[in-house]
Amino acid sequence: MTTTVRGCDANELRSFYDSPLWRRMCASIRARAGGLDELEHARGRSVPGGIVHHIYPADEYPAMRLLPENLILVSAENHERIHAIYRQGKDARHALTKQLFHIVLAAPSEPTSWYDEAIRKAERK
């Protein structure tokens, strides 16, 4: 039996993450970010990035899996924080998604203060 993960076959998703195409895309995103966590870099900090995160999740939006604009390099700590904020609900997820796109697209990023506040709220729970 095949398990479906939010409209995406789990085996298909596993195959995607194991694919040379995904590995090449990760290398491209790491190069774009200079190996640094892009969220921290937008906040003026130099922190190594380790995880290429899908802003719109790959299992929910398969057509966006390989769009560079949908991918951001973050540290493991920030990756956990992002998912904690996503779990707070639709409004928090939307606000963070907007901020992450601002960072990736190099738009003016006043939203980093929103992220700092969202982290504080997530850590209090």
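This is a predicted model: local features need pLDDT of at least 70, side-chain atom pairs count only at pLDDT 80 or more; totals for chains, interfaces and linings use all residues.
**View 1. Phe 16 and Trp 22, a tilted pair.**
The count of aromatic pairs in this model comes to five. One of them joins Phe 16 and Trp 22, whose ring centres are 5.2 Å apart, with 45 degrees between the planes. That angle makes the pair a tilted one. Phe 16 counts as buried because its relative accessibility is 9%, under the 20% cut-off. Trp 22 comes in at 7%, so it counts as buried too.

**View 2. Tyr 56 and Phe 101, a pair linking a loop and a helix.**
Here's another tilted pair: Tyr 56 and Phe 101, at 5.5 Å centre to centre and with 40 degrees between the planes. Tyr 56 belongs to the loop between β3 (51-54) and β4 (71-74), while Phe 101 is part of helix α5 (residues 90-104), so their pairing ties together parts that sit 45 residues apart in sequence. Tyr 56 is partly exposed, at 28% relative accessible area, whereas Phe 101 is buried, at 17%.

**View 3. Arg 93 over Tyr 86.**
Here the ring belongs to Tyr 86, and the charged end of Arg 93 sits over it. The distance from that charged end to the ring centre is 4.9 Å.

Definitions and conventions: Residues are numbered from 1 along each chain as its sequence is written. Side-chain values use heavy atoms; hydrogens and water are left out. Rings of Phe, Tyr and Trp (its six-membered ring) pair if their centres lie within 6.5 Å; planes under 30 degrees apart count as stacked, over 60 as edge-to-face and the rest as tilted. Buried means under 20% relative accessible area, exposed over 50%, partly exposed in between (1.4 Å probe, protein chains only). Helices (H or I, at least four residues) and strands (E, at least two) are DSSP runs, numbered from the N terminus. A charge sits over a ring if NZ of Lys or CZ of Arg is within 6 Å of the ring centre and within 35 degrees of the ring normal.
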